[in-house]
Amino acid sequence: MKRIVILGAGESGAGAAVLAKKEGFDVFVSDMSSIKDRYKDMLNSHGIEWEEGHHTEELILNADEIIKSPGIPSDAPMIKKCVAKGIHLISEIEFAGRYTDSKMICITGSNGKTTTTSLIYHIFKSAGYDVGLAGNIGNSLALQVAETPHDYYVIELSSFQLDNMYDFRANIAILL
C-alpha cells in the first residue's frame, strides 16, 4: 500500500488526507502547529492518523509521496529533509486533480483573484451548472472531489498553491 504523508492539517491538508484515505492509501498527517478541532474531528472520523506540535521524522520520511500544504515554506527543515531523501512533494490541488475528470477554471495573479473567482462561480451557479468553489476560498478541492464531487470547479490559486504542481492542467486559466 502506497504511503501518503500530508504536512499541514489546515483546509487543504485535511481535505487531501480524506481523499487519500478514500483512494486507499496509508495516510499520515503531521502539523508543526496545533490542529483546529474541526480538522481533528474530520481526520478522526475518517480513521486518519495525525500528530500536532511536532514532526516525527520516522513517520514522515518513509512516505512514497508527500502532500505539502501551501503555507509551509520550501526552506522549512522537514521539507529540506524530504527533498534530500528524494521524496516527491506535491500540492493538494495536484493530488486532487488526479482523481477527477471535472472541468477546472483556475484563476491566479497579483490582484482580483477572489473577486474574479467569486464572480465566475456565481455565474456558473446562477446558470444551473453543478459547480464547486475551491482553492483559497471555499472547501479544499480534495475534500470536494472525495465527498461532494462537481462537474466544474472554479479555483482561486495563490502563487503558494501553484508550487509543487506538475501534471495538473486547467481547462480554462485566467492570469490577473
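Colleague: Is Asn111 buried or exposed?

Modeller: Asn111 is exposed, because its relative accessible area is 62% and the cut-off for exposed is over 50%. Bear in mind that this is a predicted model.

Colleague: Where does Asn111 sit?

Modeller: In the loop between β6 (103-108) and α6.

Colleague: What about α6, which residues does it cover?

Modeller: Helix α6 covers residues 113-126, and Thr117 lies in it.

Colleague: Thr117, then: buried or exposed?

Modeller: Buried, with a relative accessible area of 0%.

Colleague: What does the side chain of Thr117 reach?

Modeller: The backbone oxygen of Lys113, at 2.7 Å.

Colleague: Which residues is Thr117 in contact with, leaving aside neighbours within four places in sequence?

Modeller: Ile107, Leu133, Ile137, Val154, Ile155 and Glu156.

Colleague: Changing topic. How many cavities of 30 Å³ or more are there in the whole structure?

Modeller: The search finds 1. The largest cavity holds about 60 Å³ of space.

Colleague: Which residues line the largest cavity?

Modeller: Lys68, Ser69, Pro70, Ser91, Glu92, Ile93, Phe160, Gln161, Asp163 and Asn164. Two elements, α5 (92-97) and α8 (159-162), each give two or more residues to that lining.

Colleague: How does the lining split by class?

Modeller: Into 3 nonpolar, 4 polar and 3 charged residues.

Colleague: Asn164 is on that list. Where is Asn164 in the fold?

Modeller: In the loop between α8 and β9 (172-175). Asn164 is buried, at 16% relative accessible area, and its phi is positive, about 65 degrees, although Asn164 is not a glycine.

Colleague: What does the side chain of Asn171 reach?

Modeller: The backbone nitrogen of Met104, at 2.7 Å. Leaving aside neighbours within four places in sequence, Asn171 is in contact with Ser102, Lys103 and Met104.

Colleague: And how many Å separate Asn171 and Gly109?

Modeller: Their C-alpha atoms are separated by 17 Å, and the two residues are 62 apart along the chain.

Colleague: How many of the residues of α1 are buried?

Modeller: 9 of the 12, which makes α1 mostly covered. The buried ones are Ser12, Gly13, Ala14, Gly15, Ala16, Ala17, Val18, Leu19 and Ala20.

Colleague: What covers the buried residues of α1?

Modeller: The cover includes the strands β1 (3-7), β2 (26-31) and β4 (65-68), and the helices α2 (37-45), α5 and α7 (141-147).

Colleague: Which residue just after α1 has a positive phi?

Modeller: Gly24, at about 90 degrees.

Colleague: Next, Ile87. Where is Ile87 found?

Modeller: In the loop between α4 (77-84) and β5 (88-90). At 9% relative accessibility, Ile87 counts as buried.

Colleague: What does Ile87 touch, not counting residues up to four places away in sequence?

Modeller: Ile60, Leu61, Ala63, Asp64, Glu65, Ile66 and Cys82. As for His46, its C-alpha atom is separated from that of Ile87 by 25 Å, and the two are 41 residues apart along the chain.

Colleague: Last one, Glu57. Which helix has Glu57?

Modeller: Helix α3, residues 57-60. Glu57 is partly exposed, with a relative accessible area of 31%.

Colleague: What does Glu57 touch, again not counting residues up to four places away in sequence?

Modeller: Met78 and Lys81. Asp75 is 18 residues from Glu57 in sequence and 16 Å from it in space, C-alpha to C-alpha.

Methods
Residues numbered from 1 in each chain as written. Predicted model: local features only at pLDDT ≥ 70, side-chain atom pairs only at ≥ 80, totals over all residues. Heavy atoms only, no water. 1 Å grid on protein atoms, 1.4 Å probe; cavity = no way out; pocket = protein on both sides within 12 Å on 5 of 7 lines; lining within 4 Å. Points joined across faces, edges and corners; volume = space filled by probe spheres on them. Helix = DSSP H or I, 4+ residues; strand = E, 2+ residues; numbered from the N terminus. Nonpolar A, V, L, I, M, F, W, Y, C, P; charged D, E, K, R; others polar. Buried < 20%, exposed > 50% of the residue type's maximum accessible area, 1.4 Å probe, protein only. Contact = heavy atoms within 4.5 Å. Polar contact = N/O pair within 3.5 Å; in protein donor to acceptor, adjacent residues only side chain to side chain.
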